[in-house]
Amino acid sequence: MVQLDTPIQFVRGIGPQIAATLAEKGIVTVEDLLFHLPFRYEDRAHPRAFSDLKAGEMAAVIAEVRGTATLKTRNMPIFEMTVGQNLETLKCMWFRGTYLEGRFKPGQMLALYGKVEGSRSTKGFKMIQPQIEVLPDNPEDGAHMLEVGRIVPVYESLGGSRFSSRWIRRVQHNLLEELRGRIPETLPPAMVERLGLPSREESLRLAHFPPVGTPMTALQAFATPAFRRLIFEELFYLEFGLELKRRKLKERAGVTFETGENVREALRQVLPFHPTGAQKRALGEIVGDMRQSSPMRRLLQGDVGAGKTIVALQAMLVAIENGYQAALMAPTEILATQHSLGIRKLLEKSGRKYKVTLLTGSLDEDRKKLARRQIYNGTAQLVIGTHALIEEKVEFAKLGLVVVDEQHRFGVLQRFRMMKKPGDADPDVLVMTATPIPRTLALSLYGDLDVSVLDELPPGRTPIVTKHVQDEREDEVWKLLRQQIERGHQAYIVYPVIEGSKDDQPELDFAPPEPEEPAKPEKGKAAKGKKKAKGKAADKDKELFEKPTLKSATEMYERLRTTHLSGLKLGLLHGRLDADEKDVIMRRFQRGDIDVLVSTTVIEVGVDVPNASVMVIEHAERFGLAQLHQLRGRVGRGAAKSYCILMTSGRVSPGGEERIAAMVRTQNGFELAEIDLEQRGPGEVFGTKQAGLPDFRVANIVRDRGLLELAKGEAAGFVENKHGETSDEAKRMVWTQLRGPWQRRYGLVEVG
């Protein structure tokens, strides 16, 4: 008898060979297959008569095959089929449709679904690329009712034409029938009743095969009660697992730090300015955690330039003044070096003696050995480095605090490796990010962490004037840049690529339109005239949709130093330079020996040059919103009025226009982060696959913000038995699910 945990190969009609293909898609058990849910629906409940069709509408029709033909055109073959209802006909066309040849015979009955195009009064209606199903000869066949006369689910492909939506529909229907009455509940029954949720079995049935009359708008938005129940279940177990991680951590032994007068005096001495209210609040929260006997796990997030580093430095001094080591892990060597230089400078000004050690992958072996020896024997009090800090060779004498900068660039397992460094107690961990994280992502990516937010800028920071400028006005841009240099300031110019090779050209984020239906060939002057016009149109299309050559950092460095910016001191910085070369260039720029730094996004994070007042970003439409905001944050760090110029060339995609408009409209990083999340989705914003975000089966944390908040509250309430629903039976049910299917799929408990 089939159960939810039955291997998929034992399902009727599948077998070992098909099971192996499905396993590549992550479908291993019956439950996995049932959670391969439709991604859209077609309303085939009321097939239309040809006489009722209207141009521009999506419609389902039942029609008889009258004839087929393959049209050979210059660009591609087009498969054409004529279908009919009584005396009326409809043409259906598929571009590159040779794969359909020989599959249809006159007299066959088809279900077709697509957009109606053309005109009844001229050549008649047609459908381009419609969805198509061959109806069975026997109308009594139950499968007939899966294709027409109902709302039909459409599934993402599982690989090849063999696993069509029709095949998936039949398998899902058969499975649900076989499992009728045997799909167990996974949420506490009292919670299901209190929240008014349908059962798990009912939700799966209605998600796959919604009844006629279900509002299509709710289905397409995945907002039916069935979907809301399945989404809530997934998010509940995510938040329940994170809540358990948090509580389990509180039981572990950590370091209890003291914060006497000597510690407070050390913190006061390193402050270069009066702290903002947000900095005071965040430091208070961090130090409050550090005083506890359980290990701190806290996320410190703030906008560009909000002063996270000085707060982190004060936290590290608390550890050092208590006789412990502190470690700061940065994602890149240039950022680690920047931290090392900046922190040494602050500590020197304070007059207090601390041993700061830098450990990165590019150091020569002798310097690495010396750094590792100092870390091992405890003479290195503050250790700054990259991934090199989590190598097995690196052993700390007495590690008390780990600060992870730009957390989204590290995998979650790297963070835990750093936490697990040997010692008598778990070190405290402070995670920092300058990329503002929307609350929905923070709840799911960092739900096991407490959160501190810096939402104020330190004194002396001035708003940055942000302008969008077309390439044709570049002379005005270079004139502004020259004026700023003459006033004693410096500037950045950023390009998306290092060199102008084809390999460096990113893809456009829009695509050319589908080709039109080919016209019948014409002869004589009319044909020549149309050919000429068609040639011009093709040239225009080529101009619009061909990948334009991007300006590159190296090319523009050479061009600008001899033209628009001649006489100024230019520097070139990009990712192919070795660490020493990058370090030399950045030091020269920071000293003021370089007026204009021509760069790629290698300067995106962490580089601090208060004298820089202009940021020019060429091909700004090619950058992500978070990148643009980070780049803009490199200027405006001093008292001078600063400018960010976003330059674009040629046609810009709607998404690019939206990003640039948002940059001009606001400097609020949290607002921009929400827009970025809406545009790109959670899977792309922070590389969340590697950062630890589960690969959800139903939920989408952008779309399902409200349910995520509800799930977090319900998970905490269940652990605390807030509603009196934590019976022994409910506990067993929840633990069985968490340690079984959820653990196999997400590994959440294990990572914690």
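Helix α11 (residues 308–321) lies across β9, β10 (325–329), β12 (382–385), β13 (399–404), β14 (428–433) and β15. Its direction is about 170° to β13. Lying across rests on contact, meaning heavy atoms within 4.5 Å. Axes are lines fitted to C-alpha atoms, for helices over the stretch in contact, and angles run from 0 to 180 degrees between N-to-C directions. Helices (H or I, at least four residues) and strands (E, at least two) are DSSP runs, numbered from the N terminus.

This is a predicted model, where local features need pLDDT of at least 70, side-chain atom pairs count only at pLDDT 80 or more, and totals for chains, interfaces and linings use all residues. Residues are numbered from 1 along each chain as its sequence is written, and side-chain values use heavy atoms, without hydrogens and water.

Now the sheet. Seven strands form an open, parallel sheet, in the order β11-β12-β10-β13-β14-β9-β15. Its edges are β11 (356–359) and β15 (450–454), each of which pairs on one side only. From one strand to the next, the twist averages 20°. Two strands pair if DSSP finds at least two bridges between them. Strand β9 (residues 297–302) pairs with β15 in the parallel sense over five bridges. In β15, S452 is the bridge partner of L300.

Next comes helix α1 (residues 15–23). Its buried residues are G15, I18, A19 and L22. Buried means under 20% relative accessible area, exposed over 50%, partly exposed in between (1.4 Å probe, protein chains only). The buried residues of α1 pack against α4 (165–178). The face turned away from that buried side carries exposed P16 and Q17.
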